[in-house]
Structures are given as C-alpha cells and as structure tokens.
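Have a look first, then we'll get into the details.

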Amino acid sequence: MPRFSVIVPCFKVQGFLRECLESVLTQSFGDFELIAVDDRSPDGCGATLDEYAGRDPRVRVLHLPRNVGLGRARNAGTAEASGDYLFFLDSDDSLTPGALRAMADRLAEAADPDVLVFDHARTYWWGGTRRNALAEVLAEAGPDTFTAEEFPRILDLLTVVWNKVYRRAFVSSQGFEFSPGYYEDTAWTFPVMLSARRIAVLDRICVNYRQRRQGNILSTTSRRHFDIHDQYDRIFAFVAARPHLASWRPYLHRKMGEHCLDVLAKPDRLPPGDKAEFFRLTTRMFRIHRPEGALVDGEVAVLAGSWPAYLLKRQAARAGQQAARQTGALCGAVTARARACWADVHRRRPLDPQLVVYSASSHRGMLGDPAAVYAKAREIASGLRGVWVVRDAETAATLPPDVEHVIVGSRRHLEITARAKFFVNDVNWPGSPAKRPGSVHIHTHQGTPLKYLGADLLDKPGARLGLDVPRMLRRADRWDYSLVASRHAELVWERAYPCHFTSVRTGSPRNDVLVHHGAGGSGACGTCGGFRERHGIPADHTVVLYAPTRRDYRRTGHVDRFDPARLAADLGEGHTLVVRLHPSLAAGPARGMGLAELARRGVVVDATDEPRVQDVLLASDVLVTDYSSVMFDYANLDRPIVVHADDWPAFTASRGAYLDLPAEAPGHVAHSYRELARLFASGRWRDEESARLRARFRARFCEFDDGRAAERVVRALLLGEPMPGPGPGAPRIPGQTAGRDALTSA
C-alpha cells in the first residue's frame, strides 16, 4: 500500500501536463501511486498520460468514456486509489521539490491525522511568484493536531482541495464525494474540515498554483458560475443532517454571502445580462439559510436589499475610492511642499560639525559597517553625536534605548539630514534632498564585490530589471569616500561607480570582530552573541553554515540547489546545519519552500532573521555557500569554506562576476550535491589543501582587514586625525579625486 495516491484529473491542459507529471515523478519521496484521469480531453492529454504510464510503473491512467467534469473525474480516481492518503493535484499546477517528503515526515510526526493542510504559492504566467497571503495561519496553528472548532482560522485559508491531503480511510468512512459543477472544492472543503477530528498543518509551500493568462475555469465568463448556489445548498444540507454541526451555520451563512458577492463583483465571471438574476438568487438563498438571530451586517448587508440598491452602493464605493485617490494625491502634494519648506529652513542654518547620520540596509536598523563605525565613535569620539535613520517605529523599537534615532519622512528626519556634517551608509541615500556643500558622505558598501554592480549591469538586462542605473550613479556622485577591504574591491568600485569619490583602504569595519576572534578558532567561542545558546546548539557540535545567494535568472531570485534536510541528515550526529538566506529572499517564498518547517522540527536552524550576521559567522565552524559575498567576510576567521558552484555558468551569464570563483575559490569546490556530500563524509572540507586555498584567498581579498577598520574611519574621516596604521596592507587615503560634485549645486 503506497503512502500517497496522487490523483490528477486532466482536461485540455496539454501545454502544462508534462510539467505537472514531472514534478510528481521526480520527487525525492517515491512511495506513491499517480492516478491520472483523462476526462475525455480533446487534446493530446490522453496520449501524454499513456506515454508516462509506459515508462513509470507508478503511473496508472483512467480514460473516461465521456467528459464528466473535474469533481466526478476526481471521484473516478479516488475509487481506484489504494494509498494511505489522497492528494488531488490539478494538472496545470505542480509540486515543489521535496514536497512529498515533507508531507510524509509531517504525517508521521502528527501520527496520521485525518487532514494535513499545507501552503502554496501563486506562480504567474509572466514569471512572478507570490506566497499565500495567509501563510501566517499555518505558523499560528502550531505543531499539535486540532479540530476546526478548536482553531477556526484554518477555514480562512483558500477553500480548495489541492492544499491538503486526506486520510483515505477517513474519506471512505464519511462517504465524501465531489459534487458536479463549478465550485466543487467549496462543497468538499467545508464538510471535510468540519468533520475531521484531527487536523495538522505543514508550514511549507508544496504546490505551485499556476495563474494562467487564459483558460482558467473560474476566470471564464459563463452562467456556470450559478453553480455556486447549488454547492452551498449541499453544504447546508450536510450540516442539517448532523445536529452537532449546527453551531457552524452562522459562519457558513456569512461565508456564503461573501463568496457569492465576490463572484458577482468579479468583472470576468458572469455575463453582464445575468448579474441581476445572480444577485436575486443569492438574496433568496441568503434568506432561506439564515439562522435565527444571525447578524446581517458589514459586507453582506446588501443581500437584505434590492438589486438597484446594490448597484447604487457599488457606484458610491467606486466614487468614494476615486475621491480618496484624488484627495490623497492632493494631500501628498501639499505635504511634500510643506516638508520641502521645512527642510529648506534648516538648510539655511550652518552644518553641525559634530553631527553624524547613520543608516544601514535601507534604514533597517543598526547593522553592518555603519553599526561598527557608530560603536567605535561612541568609544573614542565622545564629542560626536550619532543619529540613526530608521524606516518605521517598529524598527526603532529594536534599537537600544540610549540610541538617538529619527524615522524616515518625519520633520525631525528632515531637520537632522539638513544639518549633518557626516553621513555614513552602506546603501545609496534617496535622491533628495541635494547634498549640501561641506557635508561628507562615507559609503561603506555591503561586502566585497563578486557579482556585477553599478554601471557593469548595463549589459545585464535580467540583473538590472527595474533598476535605474543612471539614477543610481547620480546618487553615488554624492559619495566622498568609498571604504575598501582590498585592491580588488577598490578597482571594482571605481569601475562600477565612475563617480566623484576617493577610495579609502580602511578595511571593512563590520569585520573587525571577525579578525579579533577568528584566527582559525572553533565556532564554539564565547564571542557569537549567544547565538548557539539561543538556538540550543550543543557546545560540542560542528556548526555548518549554509548561506546561498539570490539568482537573477529567476524572477523570484530563489532556486533550491539542494535539499537542506538531506544535507543535515548526511552530516550525521554531532553536526548542526544553520541556514541563512540572502536578505532579499527573507520575506519571499524561499522561507516557505521548506526552511520554516525544517527549523520548527529542529532539522536545521534558520538564521535568516538574525540581525547581526557576524554572530552567525562566529558561531560557525565551516561555511558552505555558492556565490554569496559573505565568503569574503568569513575568510577573516580562517575557518574552512566550501563553495557549491553547480550553476556557475548560468549565474555568470545572467549576472556576471569579477573573478573566476571556481578557479580562485577559498576552499574546495563542489559541482553537484554528490560532490558536496563526499567532501564532508571524507573530511576533505578541512584538509591541508583547503587551508592553502583559504590562505591565498584571504591574502588577496582581505588584505586591509586587520581589526582596526572602524577606528580608521572614525579617526581619519570623522575626526580628521592621521590615519592609524600601518597595519597589514598599509592602508592609506589616496588624493581627493578632482572634479565637481554633480549634486553639490543641484
């Protein structure tokens, strides 16, 4: 008996069917049967299914004698199923890599619940991907099983059949079947979820839900959308036959009204001439199924009125939205003028020679190089006043109570930035206001460059999608100083940003702590800010840090190069795998592709949200990365680095690189997961050759990092004292580049 019966009904999807089938058959978990139901499809679906069945014994094909529709096609597949769990996958959607393994593990952990609910992501025909907007419901549900009554928010998720798997014995015992017509998922979901005694969740994206440009049933204009009334009639009949579910009637009554109004409001579902009839049938149903004492307020209140009243309300709502947009635009213009006047008042005042304004990572808090410079300034330059710019009150709350700050856009922010003498940032400041004569902008960057940046992106259209390179360079014209950790970085910045700045060989301030506490020591040191203790990592464990970067050849930026759970298992006892995603991927679908669930189960540690990356690096014994610039920082620790470069040609073709990383790597290079696993199994990841490669890499790319970078910035650039040194790399300040600042007199 297989663990899963994957049931795939097919009708007029020949363009997507192969992708769907491949996504199932290439899963790392193979204990399943795939029952494909050819619903008398007039295209090539039937032949494609037979082809796959001929080469994979896990595939069985049912050719129906006539077209019966999606619901009954699923019933036909269910009748042939023998798996423990039923999984109904639509034939234009696809499974994400590792989805079935994640489901099987979660089912075992939850001791075979009746229903397992998981996450999905919408994938658009133009290449975009967006995670389920209600993904937090899955995280909120927790690890234990529950009923819908115990956690009713589970019903807020999309009422579809394919975001769940169902215990076949439970479905059989309850006699659940799909009804004919559109919206059959609704008439299945509510009875199943209300009847289940044990529901579990998997906080992981398992299905890519394709948003087709055309051909989607629910986006087809037709009277078939009237079927929604019959489906809710079936739901209320189901509840009426089970008195113990009577308490759900008010909820279902409101849900029905909201759902029908949503269908009515969609411009592409109902023929215009049929909308009045649809409204009248909805109001009739709403009246018939209304429980005694149920409130009719809010959005569904219109169902107590007439069709003309509904139209008037819709017209009033549209007019109100238009007025709000116009008012908002007017208020915005007035506010902008008022802010500009306020800033102009303060620009007429002299610069404050002691005022230093800091920002990092687009105002996300005290991070990176600016934070290291700020800390050193407080230590050795008490006469300087440091003020941080943060993006919102939530970010401000994360700052220590004695740190002065302003919120972007506030009047205080305008005043501070109009009068500051010094600006320290690792990201370009916004285009306005113009730089004042005499102010000093110190740009720290966000790491040693590996991939193309700035002007070098002009011939990389994919990488610069949505990026205005000329505007970026105009903003960079305000830089006075550019901090560099090596001559490699110096040459790259001067090429990528052909602007009016002076390169300063200070080293990277954020890496001072790595230089002082590295020297090849173990990650189990007491300098990692309590990272190991916070995450419960045993002191004697070898910590393997996996830090992948984003890909510009994918719109989402995220590509799973291998399964972290597999690496964690292959590392074996005595090892802990820590994963830190690229910051640009932290809020996207990447977390939902398994990382969040693996972290909850303790398979890996998710360090993506750790504010201080240096703490993560210090806690680690070895770094595994692809093309992340974090390798240049980590090299200061003199600890092993392994490069996983299985898509180097695709990466360089789409983004470009300033060095041939596989040939100049800071350690051994793996070109496949198999090679990566062998490196760790054999112990070669920390052999003499690894140390030799690391020393060569560190000498070239960390030559000015000697632990005094922040001190150099404070003394030489903020206080005007002689440059401290000479440390390794003989840091110096080159002569000021000649030429007028393009923005000084703007």
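Q: Setting aside neighbours within four places in sequence, which residues is L718 in contact with?
A: Keep in mind that this is a predicted model. L718 sits in helix α26, which spans residues 709-718. Leaving out the residues within four places in sequence, its contacts are V356, Y358, V373, L384, F422, I442 and V713.

Q: Is L718 buried or exposed?
A: The cut-off for buried is under 20% relative accessible area. L718 comes in at 7%, so it counts as buried.

Q: How far apart in space are L718 and Q354, C-alpha to C-alpha?
A: Along the chain, L718 and Q354 are 364 residues apart. In space, going C-alpha to C-alpha, the distance between L718 and Q354 is 8.7 Å.

Q: Which residues does G71 touch, not counting those up to four places away in sequence?
A: G71 belongs to helix α3, residues 70-80, and is buried with a relative accessible area of 3%. G71 and F178 are 107 residues apart in sequence, but their C-alpha atoms are 4.9 Å apart. Skipping residues up to four places away, G71 touches F178, S179 and E184.

Q: What is the relative accessible area of D119?
A: D119 is part of strand β6, which covers residues 115-124. Beyond four places in sequence, D119 touches a list of residues including A135, L138, L202 and I205. D119 is buried, and its relative accessible area is 0%.

Q: With which side chain does the side chain of D119 make a polar contact at 2.6 Å?
A: The D119 side chain makes a polar contact with the side chain of N132 at 3.1 Å. The polar contact at 2.6 Å is with the side chain of R131.

Q: Are α1 and α2 roughly parallel or roughly antiparallel to each other?
A: The axes of α1 (residues 14-25) and α2 (residues 45-55) come within 10 Å and cross at roughly 25°. Angles under 35 degrees count as roughly parallel. So α1 and α2 are roughly parallel.

Q: Is the crossing of α1 and α2 left-handed or right-handed, and how do the residues of their contact divide?
A: The crossing of α1 and α2 is right-handed. On the α1 side, the contact is made by Q14, L17, R18, L21, E22 and L25, while α2 brings C45, T48, L49, E51, Y52 and R55. These contact residues divide into 6 nonpolar, 2 polar and 4 charged.

Note on methods
Residues numbered from 1 in each chain as written. Predicted model: local features only at pLDDT ≥ 70, side-chain atom pairs only at ≥ 80, totals over all residues. Heavy atoms only, no water. Axes fitted to C-alpha atoms, helices over the stretch in contact; angles between N-to-C directions. Helix = DSSP H or I, 4+ residues; strand = E, 2+ residues; numbered from the N terminus. Parallel < 35°, antiparallel > 145°, perpendicular 65-115°, else oblique. Left-handed = near helix turned anticlockwise from the far one by under 90°. Contact = heavy atoms within 4.5 Å. Nonpolar A, V, L, I, M, F, W, Y, C, P; charged D, E, K, R; others polar. Buried < 20%, exposed > 50% of the residue type's maximum accessible area, 1.4 Å probe, protein only. Polar contact = N/O pair within 3.5 Å; in protein donor to acceptor, adjacent residues only side chain to side chain.
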